[in-house]
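Welcome, and please open your viewer with the sequence panel beside it. We will walk through the model one selection at a time, and each stop says what to look for.

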Amino acid sequence: MSLAVSVRDLTRRFGDFTAVDRVTFDVEEGEIFGFLGPNGAGKTTTIRMLIGLLAPSSGTGAVAGFDVLTETEAIKHSIGYMSQLFSLYADLTVDENVQFFAGLYGVRGERLKRRRREVLEMAGLAEHGRRITGDLPLGWKQRLALGTAVLHEPPLLFLDEPTSGVDPISRRAFWDLIYGLAAGGTTVFVSTHYMEEAEYCHRLALMNRGRIIALDRPAALRETMTEPLLCITAEHGPAIAQALQGAPLVLEAAMFGRDVHVMVEDAAAAREYLPALLEGKGLPIRAIEEIRPSLEDVFVALVHREGGAVLG
Amino acid sequence: MRSGLSFTRLLAVARKEAIHFLRDRRSLGLAFGLPAAMVLAFGWIISFDIRFIPMAVFDQDRTQASRSLVDAFTASSYFVVTDRLERYGDAEPLLNRGAVRLVLVIPPRFQARLSSGGPAPVQALVDGGDANTAIIAMTYARGIVAAYSTRALLGARRVAPRVGAETRIWYNERLKSSHMIVPGLIAVVMMIIAALLTSLTVAREWDRGTMEQLAATPVHPAEVIVGKLLPYLVVGLIDVLVIGFIGDAVFRVPFRGNFLFFIGASFFFLIGSLSLGILISAAVRSQMLAVQVAMISTFLPSLLLSGFMFDIANMPKVLQAISLVVPARYFITAVRGIMLKGVGPDVLWPHGLGMILFGTVGLALAVRAFRKELR
């Protein structure tokens with residue numbers, strides 16, 4: 001199996017700040033490779049270095065077989081890219097945006113006709129070619145952006161938080177598109193801060209504070225977490241998470257939606273002890289039960305194990 | 001791997017830029033409304049011809065001779081007599097208020113001195129507060145008095161002067177300032193198009209975040225710059241023709257030279273000034289700042305230091321030196337030469353070369369300044 005992306009010790013500094021700190025990883029062809037981490041973890045900076053938008057401060061690497069330091073223009077021919085913020089032209093119609101990017105990627109004649117039809121169909125915009133792009137709902141814009149990114153049928157696709165700000169149903173639909181592209185043989189490199197999306201990836205790199213803290217299949221990552229996990233349902237979630245920091249038996253406590261997830265040394269002992277402890281502090285709970293860890297729990301646990309804090 | 005320039009990509013950029021331009025009402029108004037408005041404003045309102053200057057007369061002689069001198073002033077249509085003074089002291093408040101620009105003082109015994117053949121001095125008090133008008137009023141007054149005294153001499157002695165200088169003004173026979181303004185305006189308007197329209201184009205991509213997507217494509221900087229420039233080149237050439245048409249139809253400015261040479265010079269000057277706007281835009285990466293820098297660095301010099309409004313020969317040495325690097329200076333000279341004098345490449349070739357140099361260097365700098373890398 002050949003490699004779509006292969007980087008070693010890739011680093012980018014902005015003045016004194018190290019945005020990306022010696023990241024090393026390989027992406028195999030045909031994979032959906034995920035980059036998971038909070039905002040500011042360095043995901044976007046890494047992607048920009050991979051596609052030739054930002055020069056690395058140090059490190060080496062190859063994307064689509066081309067050197068990330070010296071062959072950035074060659075890389076641009078072989079990839080599709082969808083940036084984090086919507087960056088098509090809002091005052092152009094859907095068709096005009098498609099035509100513009102087709103022109104830049106040298107898609108012409110019969111191929112342009114075919115690709116325009118395919119791409120607009122894929123994006124569900126076949127009936128909306130003449131609409132001004134700026135007037136479309138965000139979810140549609142994102143699908144159009146994905147469409148223009150794959151107009152030239154690139155073997156490798158970079159998506160930087162493609163679903164941020166989009167409602168869950170549109171997100172699901174968007175991931176169906178990603179699966180469709182991957183099934184067609186496209187390698188997809190996608191970053192996200194939605195943990196549930198990370199589960200869709202074949203392999204996943206967890207990133208925090210500019211560093212990759214774990215890289216594996218989602219299932220394997222979950223198995224690395226050996227400590228038991230309890231979920232507490234209660235009225236005053238944040239106060240409970242606060243109160244449990246440093247309490248006996250507790251390794252880590254963090255808010256998950258409206259619940260509190262607590263990593264403990266011993267599940268049985270903690271289920272006995274913690275409700276009483278909280279009751280004593282005037283923080284009654286509704287339920288406490290042991291749960292299977294999600295990727296986010298794994299993430300929190302890994303950051304905890306490193307002794308660091310989650311940024312963002 | 002394809003690495004050379006691609007015409008397809010260039011056309012894609014040009015087409016997209018033309019759509020931006022045509023969908024934006026402000027840029028449309030700026031490109032077509034402003035030049036026409038400027039030509040009319042400069043042609044009519046800010047005319048450099050000064051007429052009907054208000055003046056006062058203090059006639060202490062009150063004879064036929066003194067009255068006919070005053071008549072000579074009013075008959076010229078350069079002056080209107082608005083006040084007749086009884087005392088010398090009344091002159092000052094009138095000048096102070098700016099009610100009159102010139103006071104003509106005719107001393108007693110004016111007619112008697114004239115008929116005796118001796119010198120008959122008159123006094124003209126001029127408001128020097130507006131130096132430009134003062135000089136023009138003085139010049140007119142001198143001319144009128146000189147003509148009057150010639151007539152008076154001839155009338156008295158009935159002999160023709162042996163030598164008379166007859167002045168003929170070439171190229172702009174009636175000294176109409178619109179004839180000077182319209183050719184100059186072509187240069188100034190092109191600078192506006194460069195300064196205000198193209199300075200926005202690259203900066204807008206940064207401001208709106210579209211640059212990130214653009215920079216991730218294989219597009220070459222030269223394709224972006226030339227592609228962005230093309231629609232505005234068309235706009236600029238249309239403006240040149242519109243201004244030329246207004247000059248001809250409204251102000252009767254002659255066009256004596258070679259039209260092709262004129263379009264050629266305009267073409268290269270336009271490329272140079274458009275490139276300058278794009279260069280600024282690419283360098284500062286913000287629309288607000290780009291417009292301000294463009295105004296200060298291209299538009300103002302071409303308005304003030306090009307010989308359009310003020311004669312370069314009368315400027316302080318420092319400004320004269322600066323004007324040497326203002327491209328509009330050469331272009332204005334060339335266009336005035338072509339339109340008013342009808343001279344061609346045989347005389348104006350250094351200016352033509354200058355335009356080509358300006359165009360190519362400007363374009364090269366703009367391409368160099370455009371970076372596809374984020375900061």
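Predicted model: local features only at pLDDT ≥ 70, side-chain atom pairs only at ≥ 80, totals over all residues.

**Stop 1**

Select helix H3 of chain A, residues 94-104, together with H1 of chain B. Their axes cross at roughly 155° and come within 7 Å of each other. That angle is over 145 degrees, and therefore H3(A) and H1(B) are roughly antiparallel to each other. The crossing of this pair is left-handed.

Now show the side chains. From H3(A), the contact uses A:Glu96, A:Phe100, A:Gly103 and A:Leu104. H1(B) answers with B:Thr8, B:Arg9, B:Leu11, B:Ala12, B:Lys16 and B:Ile19.

**Stop 2: the whole interface**

How many residues of chain B are in contact with chain A? There are 21 of them, and they meet 25 residues of chain A. Two helices of chain B, H1 (7-23) and H8 (210-215), each supply at least two residues of the side that touches chain A. H1(B) gives the most to that side, with eight residues. Taken together, the chain B side holds nine nonpolar, seven polar and five charged residues.

**Stop 3: chain B as a whole**

Along its principal axes, the C-alpha trace of chain B spans about 100 × 45 × 35 Å. Chain B has a radius of gyration of 28 Å, whereas a compact globule of 375 residues would have one near 21 Å. Buried residues make up 41% of the 375 residues in this chain. Of the contacts in chain B between residues at least 6 apart in sequence, 80% join residues at least 24 apart.

**Stop 4: a helix pair within chain B**

Next, select H13 (residues 327-341) and H14 (residues 345-369) of chain B. The axes of these helices come within 9 Å and cross at roughly 140°. H13(B) and H14(B) are therefore oblique to each other. H13(B) passes H14(B) in a left-handed crossing.

On the H13(B) side, the contact residues include B:Tyr330, B:Phe331 and B:Ile338. On the H14(B) side, look for B:Leu348, B:Met355 and B:Phe358, among others. The residues of this contact divide into nine nonpolar, five polar and no charged.

**Stop 5: B:Leu303**

Centre the view on B:Leu303, which lies in helix H11 (residues 287-304) of chain B. Is B:Leu303 buried or exposed? B:Leu303 is buried, because 20 other C-beta atoms lie within 10 Å. Leaving aside neighbours within four places in sequence, B:Leu303 is in contact with B:Val188, B:Phe308 and B:Met309. Draw a distance from B:Leu303 to B:Ala187 as well: the two are 116 residues apart in sequence, yet 8.8 Å apart in space, C-alpha to C-alpha.

**Stop 6: over to chain A**

The cartoon of chain A shows eleven helices and 14 strands. Its C-alpha atoms fill a box of roughly 75 × 45 × 35 Å along the principal axes. Of the 312 residues in chain A, 45% are buried.

Zoom in on A:Cys231 in strand S11 (residues 229-234) of chain A. A:Cys231 is partly exposed, with 15 other C-beta atoms within 10 Å. Not counting residues up to four places away in sequence, A:Cys231 touches A:Asp259, A:His261, A:Glu289 and A:Ile291. The C-alpha atoms of A:Cys231 and A:Ile291 are separated by 6.5 Å, although these residues are 60 apart along the chain.

**Stop 7: two loops with positive phi**

Finish with the backbone of two residues in chain A. A:Ala64 sits in the loop between strand S4 (58-63) and strand S5 (66-67). A:Ala64 is not a glycine, but has a positive phi of about 55°. A:Ala64 is buried, with 21 other C-beta atoms within 10 Å.

Then move to A:Arg209, in the loop between strand S9 (203-208) and strand S10 (211-216). Here phi is near 50°, a positive value in a residue other than glycine. A:Arg209 is buried, with 21 other C-beta atoms within 10 Å.

Terms used
Residues numbered from 1 in each chain as written. Chains lettered and ligands numbered in written order. Contact = placed C-beta atoms within 7 Å. Helix = DSSP H or I, 4+ residues; strand = E, 2+ residues; numbered from the N terminus. Nonpolar A, V, L, I, M, F, W, Y, C, P; charged D, E, K, R; others polar. Rg over C-alpha atoms; globule rule 2.2 N^0.38 Å. Buried ≥ 20, exposed ≤ 12 C-beta atoms within 10 Å, placed from the backbone. Axes fitted to C-alpha atoms, helices over the stretch in contact; angles between N-to-C directions. Parallel < 35°, antiparallel > 145°, perpendicular 65-115°, else oblique. Left-handed = near helix turned anticlockwise from the far one by under 90°.
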